[in-house]
Each structure stands twice: as structure tokens, then as C-alpha cells.
Amino acid sequence: RTPSMVQKALYWDEAFPELPCVTMISVAGCILQGDRLALDIQVDSGACGHVTTQSATKIHSMNANYATQVQNLRVEEGGYLELMPDQMIPHRNARFITDTRIKIHPTATLIYSEILMSGRKHHHVDEHFGFDVFSSKIMAENFEGKELFVEKYVLEPKKESMSAVGVMQDYDVFGNVVLLTPE
């Protein structure tokens, strides 16, 4: 449903020819204040898929409210999913909360990634880490409801310097990759 559109699956991975590669497209072009986005992906038993986006996700400036995204991922027995969207670029004064919930069978594999840019640092001096808040929570559990892990980070660059040691230091890109797979 709008604002998301899913392209027809392509099979371009020569090393994994049975892997359908699906690109999600935002017809809105960006995320605006007040947006409430939801993504549900289910990979059935023995099925596989690679899901990505057509380009960076821009989170526009906000003067009120915030935007949020909830992602529910379910990978059944022997399933395989790669969810690897392009980078997110929060603009000045943007507020964005993302919540990813994973339910995975012990025989399944999931590769999940997220990439966060520091903003449009070459656009305007106040764009480099100029967003208000970026919050990301990733939680995974097995089919019995046993929690496998929870990871959450909240970035508020106007309250705490992103250049601190252990935060971003001199870097402008944050990448996070989660791999859940059997031994």
C-alpha cells in the first residue's frame, strides 16, 4: 500500500540463482513528520529472499511530531532472508523511531542491516548531525517466544556530541549488521 511499492522479483545473484531479489520503492520519495510506516515480511518454510530499497531513505525536517517505522520479520523453518535497505539520511530537525521485531525458527537464517548517515553535511553546516533524534530498536525471539537479543540505540546529537569516543568519533556513517543463523 502507498507509500510503498514492491517491484517484481529478479534473480540476479549468480552465486545464489534461486534467491528472489525484491526492491521496495517509496512513491512518496521521503519520510515526513507524522508518517507511520509498517513493513511485514514472512518467509515460509524453505523459502528465501533478498529485500532492499531503490535508494537512500530521506527523513525530512520536522517542526512538530515525528515519524516512525515498525518492521515485523518472520522466518520459518529452513527459511533464508536478507533485509538490506540502502542508507537512511536524517535531515536537520528530523525525529525518527524505528522498531524491528524478528521471529525466527532455529533452523532459519536472517541477515539484517541498517545504515545511518550523519545527515546532509555538504548541504548546510547545520545538517551534519543536525537531526533531533534517531532511535532504533531491534528485537529477536524464537517461535516459543524466548528472547534471543534486544539492541537499542538512541542518538540525540543536540544533547550529546556524536564525535565522542565510542559514539561516532570522526565518522559520518554508522552501519549495523545482524546475522541470526544455526551453528
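Author: Ser135 is in contact with Phe96, Ile97, Thr98, Lys152, Tyr153 and Val154, leaving aside its neighbours within four places in sequence; contact means heavy atoms within 4.5 Å. The model is a predicted one, in which local features need pLDDT of at least 70 and side-chain atom pairs count only at pLDDT 80 or more, while totals for chains, interfaces and linings use all residues. Residues are numbered from 1 along each chain as its sequence is written, and side-chain values use heavy atoms, with hydrogens and water left out.

Ser135 counts as buried because its relative accessibility is 7%. Buried means under 20% relative accessible area, exposed means over 50%, and partly exposed lies in between, with a 1.4 Å probe and protein chains only.

Ser135 has its place in strand 11. Strands are DSSP runs of E with at least two residues, numbered from the N terminus. Strand 11 (residues 133–141) is joined to strand 12 by 8 bridges, and the two run antiparallel; two strands pair if DSSP finds at least two bridges between them. Within strand 12, Glu147 stands opposite Glu141.

Both strands belong to an open sheet of 5 strands, whose order is 3-6-9-11-12 and whose pairing is mixed. Strand 3 (36–43) and strand 12 (147–155) are the edge strands, each pairing on one side only. From one strand to the next, the twist averages 5 degrees, where axes are lines fitted to C-alpha atoms and angles run from 0 to 180 degrees between N-to-C directions.

Elsewhere in the sheet, strand 3 and strand 6 pair in the parallel sense over 8 bridges, and Leu39 has Gln71 in strand 6 as its bridge partner. Strand 6 and strand 9 are also parallel, with 9 bridges; there, Leu73 is partnered by Ile102 in strand 9.

The nonpolar residues come next. A nonpolar core is a set of buried Ala, Val, Leu, Ile, Met, Phe, Trp, Tyr and Cys residues joined through side-chain atoms within 4.5 Å. In soluble globular proteins, nonpolar side chains tend to be buried together. The largest core here has 18 residues, of which Ile41, Ile102 and Leu110 touch the most other members. Strand 11 is one of the strands that supply at least two residues each to this core, and its largest share, 3 residues, comes from strand 3. Not counting residues up to four places away in sequence, Ile41 touches Val51, Asn72, Leu73, Arg74, Leu81 and Leu83. A second, separate core has 16 residues, among them Ile59, Ala67, Phe129 and Met168.

For contrast, one may turn to a loop. Asn65 is found between strand 5 and strand 6 and is partly exposed, with a relative accessible area of 41%. Asn65 touches Gln33, Gly34, Arg36 and Arg95, again not counting residues up to four places away in sequence. Between Asn65 and Ile104 there are 39 residues in sequence and 33 Å in space, taken from C-alpha to C-alpha.

Terms used
Helices (H or I, at least four residues) and strands (E, at least two) are DSSP runs, numbered from the N terminus.
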